[in-house]
Amino acid sequence: MTKPDYIFESSWEVCNKVGGIHTVLSTKARTLKQQLHDNLIFIGPDHGDNVEFCEDRKLFAAWRKSVAKDENIPVRAGRWNICGNPIVILVDFRHLYDDKNMLYYSMWETFGVDSSKAYGDYDESCVFAYAAAKAIRHFCQFNHLDGKHIIAQFHEWTTGMGALYLRKHLPSVATIFTTHATTVGRSISGNNKPLYGYLDAYNGDQMAYELNIESKHSVEKQAAHRSDCFTTVSEITATECRQLLERAPDVITPNGFEPDFVPAAEVYADKRAAARATLLRVASKLLGCEVSKKAFLISVSGRYEYRNKGIDVFIDVMNRLRQTKTKREIIAFVMVPAWVFAARADLKAVLDNDITTTEPMQTPFLTHWINRMDDDLVMNYLYRLGFSNAADEKVKIFFVPCYLNGADGIFNRTYYDLLPGMDCTVFPSYYEPWGYTPLESTAFGVPTVTTDLAGFGQWAETMGADSSFANGVAVVHRTDDNYHETVAETARCIASLIKMTAAEREAVADKCRNIATRAEWQYFIASCYKAYDMALKSAKKRMDKKLA
């Protein structure tokens, strides 16, 4: 197997925490660095305030000066403040906007990428990808890396033009393009269209036209076809790629993780107690009454994709449990960032001054005020179902629409600080290429419910998961057409967990931790090296043919 001497890995989410790709890259860095040391280099956008970035002005000093002069690309170099502390190059791509039309013409002429219908974040993404690729080319030439085995990996359509640029201008570098979710597949799902039952009938190009995402689809499709190796993260997304991008992935590279952020066993009990105290305190202040310390705490979290992430299912499940004769109080949290206006001043004052509330506060579901609240899907559904959060209700639900970064003004704890306080998490996704949130829950020993439409759910089934928490994960069967059955089965899973004894729940928690260890990068990294080998051999074959 041919192994790389250098890996350049480019993504919009390098030192920029936006979604799951950030977790993919930041967790696998340590494992890769053990092999490559400082020849593993991540490339991300320079936003000026990348909080995870530690600049080192001595690192690549001569090259940085040269690339700024020769290519008009100012860069900063340093370390990513994560486990492994890999090298990061942050690219200031704003200076290249004037090259945009030339870039788009070149991409059309060479690869058939149609940028004519671009809008929104297309320009920003593609100009960054262009800048990242130019920086890689200049780095290789400046440092005389001819003859080295070099991998350049690009993630999602947002960096697809980078892969195409290198294919044209530095063909000796082996390119890998990874799609974590196809633009068309995500858009079909997000627009409430059935994806899975009709997938064989969909044409990717036609649907891109219908959904007004032609340019994004075009660059993604061409990057998938023209890269030396095309990868995705799960079999369910591979099926999408075959149909919508008309290319089957060469390798499936499941998303692993590193357990470094999981509290150690000796402090876990204290972390759990602190998390529960924070969650129950905020709930009791909003409700105007004390919440049982033995309340069952449950949550859904992730990106605010109402249908794709199953947020609608979660709320319906809570409504179903509300109508049962559950004896244990249930406190549910919808932790999905929305368009927040500000932390509630009234709630903040009550918390800061430890004021006892004796009646419900205004809008007792909400921890932070949000813009255009009348149009918010979560709030409207809570009102439609008649949730009141009254003291005599056994199920109470709260919408936490902020980023839990430790400075939100209400909880002032990170998501990972609060996660140990949960008794269960629920991720009933309709569209989920992988699913880090349920994997994180299992690592924390928190029983989780997901579906077999999530890549992680499918993987968990191969590890023996079913709908009974047999290995700490309950996987519910979901299709285009069984919404109500999904709600009922998810509610049943949760009810069975609530009824367990403390010893039974602890046994489930142990099973959670066990299955999580089997998803660590030390096991999944082999698929990445398979992709590197394939890409390097493809690039070598291309160069040998060129020289013949």
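1. Thr-182 is placed in the loop that joins strand E7 (174-179) to helix H6 (183-190). The structure is a predicted model, and the remarks below should be read accordingly.

2. Is Thr-182 buried or exposed? Its relative accessible area is 1%, and because the cut-off for a buried residue is under 20%, Thr-182 counts as buried. Apart from neighbours within four places in sequence, Thr-182 is in contact with Glu-220, Glu-240, Cys-241, Leu-244, Leu-245 and Tyr-431.

3. Of its 8 residues, 8 are buried, so H15 is largely enclosed by the rest of the structure. The buried residues of H15 are Tyr-436, Thr-437, Pro-438, Leu-439, Glu-440, Ser-441, Thr-442 and Ala-443. After H15 comes Gly-445, which has a positive phi, near 75 degrees.

4. The packing of helix H4 (residues 122-142) against helix H5 (residues 160-169) may be described next. Their axes come within 7 Å and cross at roughly 40 degrees, and the crossing is right-handed. On the H4 side, the residues that meet H5 are Tyr-122, Cys-126, Ala-129, Tyr-130, Ala-133, Lys-134, Ile-136 and Arg-137. On the H5 side, they are Met-161, Gly-162, Tyr-165, Leu-166 and His-169. Sorted by class, this contact comprises 9 nonpolar, 2 polar and 2 charged residues.

5. An α-helix has 3.6 residues a turn, so residues three or four places apart point the same way. Among the H4 residues that meet H5 are Tyr-122, Cys-126, Ala-129 and Ala-133.

6. The second largest pocket holds about 380 Å³ of space. Its lining consists of 19 residues, of which Gly-147, Lys-148, His-149, Ser-172 and Met-543 are the closest to its centre. Which elements give two or more residues to this lining? They are H4 and helix H19 (521-547), and H19 gives the most, with 7 residues. By class, the lining has 9 nonpolar, 5 polar and 5 charged residues.

7. His-149, one of the residues closest to the centre of that pocket, lies in the loop between H4 and strand E6 (150-155). With a relative accessibility of 36%, His-149 counts as partly exposed. Leaving aside neighbours within four places in sequence, its contacts are with Thr-2, Lys-3, Pro-4, Asp-5, Tyr-6 and Leu-536. His-149 and Lys-537 stand 388 residues apart in sequence, while their C-alpha atoms are 9.7 Å apart in space.

Definitions and conventions
Residues numbered from 1 in each chain as written. Predicted model: local features only at pLDDT ≥ 70, side-chain atom pairs only at ≥ 80, totals over all residues. Heavy atoms only, no water. Axes fitted to C-alpha atoms, helices over the stretch in contact; angles between N-to-C directions. Helix = DSSP H or I, 4+ residues; strand = E, 2+ residues; numbered from the N terminus. Left-handed = near helix turned anticlockwise from the far one by under 90°. Contact = heavy atoms within 4.5 Å. Nonpolar A, V, L, I, M, F, W, Y, C, P; charged D, E, K, R; others polar. 1 Å grid on protein atoms, 1.4 Å probe; cavity = no way out; pocket = protein on both sides within 12 Å on 5 of 7 lines; lining within 4 Å. Points joined across faces, edges and corners; volume = space filled by probe spheres on them. Buried < 20%, exposed > 50% of the residue type's maximum accessible area, 1.4 Å probe, protein only.
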